[in-house]
Amino acid sequence: MTSTPTRRLIVPAMLVAALALQVAVLYAPEAPGPPSPIPHGDKAVHALVFALPVLVAGLGRRGWWPLVALVCAVHAPVSEIIQHVVLPHRSGDPWDVAADLAGVGAASIGVLLVVRRPRRRRL
């Protein structure tokens with residue numbers, strides 16, 4: 001199957017959307033939404049918004065997905081520092097950094113397991 005210009009743009013467009021979601025969640029002036037009824041539920045949100053860009057790039061079979069993972073890993077502590085210093089109603093939390101990095105790591109492992117799995121040949 002040949003790749004059309006539209007198909008080549010789908011993964012980058014999805015990546016931009018995932019990164020926009022990440023920025024919206026991290027840099028909203030106040031924590032978005034009501035407090036989670038689940039203790040430390042915000043950590044799951046942190047893990048998901050950092051895993052999503054890595055999954056989109058990696059499962060989209062883009063060779064540059066490790067760069068996306070690296071950028072997300074660097075962004076994790078930087079985002080908490082910015083929240084703590086710049087946003088008056090937010091605070092930096094080292095456990096959020098841990099959750100962010102866990103999301104990046106889990107997504108990277110998932111991508112490696114899926115992408116490196118040999119494809120079955122159809123007869």
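These notebook entries record what I looked up in a predicted model.

**Entry 1: the nonpolar core**

I began with the largest nonpolar core, which has 19 residues. Phe-50, Val-54, Trp-65, Val-68, Ala-69, Cys-72 and Val-104 touch the most other members of this core. I then noted which elements give two or more residues to the core: they are α1 (5-27), α2, α3 and α4. Helix α2 supplies the largest share, with 6 residues.

**Entry 2: Phe-50**

I next listed the contacts of Phe-50, leaving aside its neighbours within four places in sequence. The list holds Gln-22, Leu-26, Cys-72, His-75, Ala-76, Ser-79, Asp-100 and Val-104. Two names on this list, Cys-72 and Val-104, I had already recorded among the core residues that touch the most other members.

**Entry 3: Ser-108**

I turned to Ser-108, which is part of helix α4 (residues 94-115). I had met Val-54, Trp-65 and Ala-69 in my first entry, as members of the nonpolar core.

**Entry 4: Lys-43**

I found Lys-43 in helix α2. Lys-43 counts as buried because its relative accessibility is 17%. Which residues does Lys-43 touch, not counting those up to four places away in sequence? I recorded Asp-93, Trp-95, Asp-96 and Ala-99. With Asp-93, the side chain of Lys-43 makes a polar contact of 3.0 Å. For Ala-99, I noted a separation of 56 residues in sequence from Lys-43, while the two C-alpha atoms are 5.5 Å apart in space.

**Entry 5: the surface patch and Val-86**

I then looked at the surface, where a nonpolar patch is formed by Trp-64, Leu-67, Leu-70, Val-71, Val-74, Val-78, Ile-81, Ile-82, Val-85 and Val-86. Together these residues have about 920 Å² of accessible area.

**Entry 6: Arg-61**

Where is Arg-61 placed? I located Arg-61 in the loop between α2 (41-59) and α3. The phi angle of Arg-61 is near 60°, and I marked this as a positive value in a residue other than glycine. At 40% relative accessibility, Arg-61 counts as partly exposed.

Key. Residues are numbered from 1 along each chain as its sequence is written. This is a predicted model: local features need pLDDT of at least 70, side-chain atom pairs count only at pLDDT 80 or more; totals for chains, interfaces and linings use all residues. Side-chain values use heavy atoms; hydrogens and water are left out. Helices (H or I, at least four residues) and strands (E, at least two) are DSSP runs, numbered from the N terminus. Patches are made of residues with over 30% relative accessible area and no salt bridge: like charges are joined within 9 Å, nonpolar side chains (Val, Leu, Ile, Met, Phe, Trp, Tyr) within 5 Å. Accessible areas come from the Shrake-Rupley method with a 1.4 Å probe; for residues, only the protein chains shown count as cover. A salt bridge is a side-chain nitrogen of Lys or Arg within 4 Å of a carboxyl oxygen of Asp or Glu. Buried means under 20% relative accessible area, exposed over 50%, partly exposed in between (1.4 Å probe, protein chains only). A nonpolar core is a set of buried Ala, Val, Leu, Ile, Met, Phe, Trp, Tyr and Cys residues joined through side-chain atoms within 4.5 Å. Contact means heavy atoms within 4.5 Å. A polar contact is a pair of N or O atoms within 3.5 Å; within protein, one must be able to donate a hydrogen and the other to accept it, and residues adjacent in sequence count only if both atoms are side-chain atoms.
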